[in-house]
Amino acid sequence: MLYVSCFMLLKKILTKASKEGWAVGHFNVSNLELLKAVVEAAKESQSPVMIGTSEGEREWLGVKNMVALIKVYRQDWPHIFLNADHTKNINVAFDAIEAGYDSVHFDGSSLSISENIRQTREVVERARNKNINMSVEGELGYLKGESQLSNQKIKINPADYTDPEAAAEFAERTGVNRLAIAIGNIHGINLDEPRLDFDRLRKIREAVSENVALVLHAGSGIPDADIKRAIESGISNIHISTELRVLFKQGLEQSLKSNPGEYALYKLEKEVVRSVQDLIRQKLRLFGSVGRV
Ligand SMILES: [Zn+2]
């Protein structure tokens, strides 16, 4: 298929999303199959996407390998951006910057606010020195849970939510391009559906500079209507990980069970990748990002 397209920087795309009322999808990958599913879905949907690798996922895949893979996949669909998701160690953040990631998420949310500001600022400086167009995400507020299915009830305390005034100060003092906030979202799919504090979200959006995109982590398990409301209230970047992991694992179990005599691994994985790809396409539609580049 021939398409006319012009490459846009991630920060420009996020500003456009925020002005037009849609969100850029961020999907975590831990193997080539998931990466393939994200890129294919983005291309089919003509959507920009972020590809996330957590510290653990990076250790498994290798930062240089990921940068090289993204470079190759970009020949097929240029609007993909590689993010070093939830980087808690500053030196690990520097490794991703040096390897050529497009974006780094420094997660200093467990530090004191002054230490979080200090380290995030350092990451921002290092990133800009490497590449002026690199996008940096900071995090403020305490996000609970892990990216997995859990039959536990996770109790969340509104005292852990992001404070609007503190968010504005954090964004200004660190110079981040994106800010991850805690408004009732919980990593993973848990027993209770998360209840988002939309009022707080709107206050954060009003307080923080419009040049800073607000990021909703832990998008898995949040009902579609609440995702739409979150976008209307100022979210312009949404992270999905658990739903992809769960679908991939369940699909693979099913495929292994139905094809006991098959040993060509790619044949066993074809349908699994297809189903993950379909889920990502649904998410991109939900986020309103179809045909935006
Ligand atoms: Zn997250």
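Here is a short tour of this predicted model, one selection at a time.

Stop 1: Eight of them close into a barrel, in the order 1-2-3-4-5-7-9-10, with parallel pairing. Going from one strand to the next, the twist averages 25 degrees.

**Stop 2: where strand 1 meets strand 10.** Now select residues 24–28 and residues 235–240. These are strand 1 and strand 10, which run parallel and are joined by four bridges. Which residue of strand 10 is the bridge partner of Val24? Click on Asn237 and you have found that partner.

**Stop 3: the core.** Next, show the side chains of Val38, Ile51, Val104, Leu179 and Ile181. In the largest nonpolar core, which has 78 residues, these five touch the most other members. Then colour residues 32–45: this is helix 2, and with seven residues it gives the most to this core. In general, nonpolar side chains of soluble globular proteins tend to be buried together.

**Stop 4: two helices crossing.** Select residues 63–73 for helix 4 and residues 90–99 for helix 5. Their axes come within 9 Å and cross at roughly 35 degrees, and the crossing is right-handed. At the contact, Val63, Lys64 and Val67 of helix 4 meet Asp95, Ala96 and Ala99 of helix 5. Four of these contact residues are nonpolar, two are charged and none is polar.

Key:
Residues are numbered from 1 along each chain as its sequence is written. This is a predicted model: local features need pLDDT of at least 70, side-chain atom pairs count only at pLDDT 80 or more; totals for chains, interfaces and linings use all residues. A nonpolar core is a set of buried Ala, Val, Leu, Ile, Met, Phe, Trp, Tyr and Cys residues joined through C-beta atoms within 7 Å. A residue is buried if 20 or more other C-beta atoms lie within 10 Å of its own, exposed if 12 or fewer, and partly exposed in between; C-beta atoms are placed from the backbone. Axes are lines fitted to C-alpha atoms, for helices over the stretch in contact, and angles run from 0 to 180 degrees between N-to-C directions. A crossing is left-handed if the near helix is turned anticlockwise from the far one by less than a right angle, and right-handed if clockwise. Two residues are in contact if their C-beta atoms, placed from the backbone, lie within 7 Å. Ala, Val, Leu, Ile, Met, Phe, Trp, Tyr, Cys and Pro count as nonpolar, Asp, Glu, Lys and Arg as charged, and the others, Gly among them, as polar. Two strands pair if DSSP finds at least two bridges between them.
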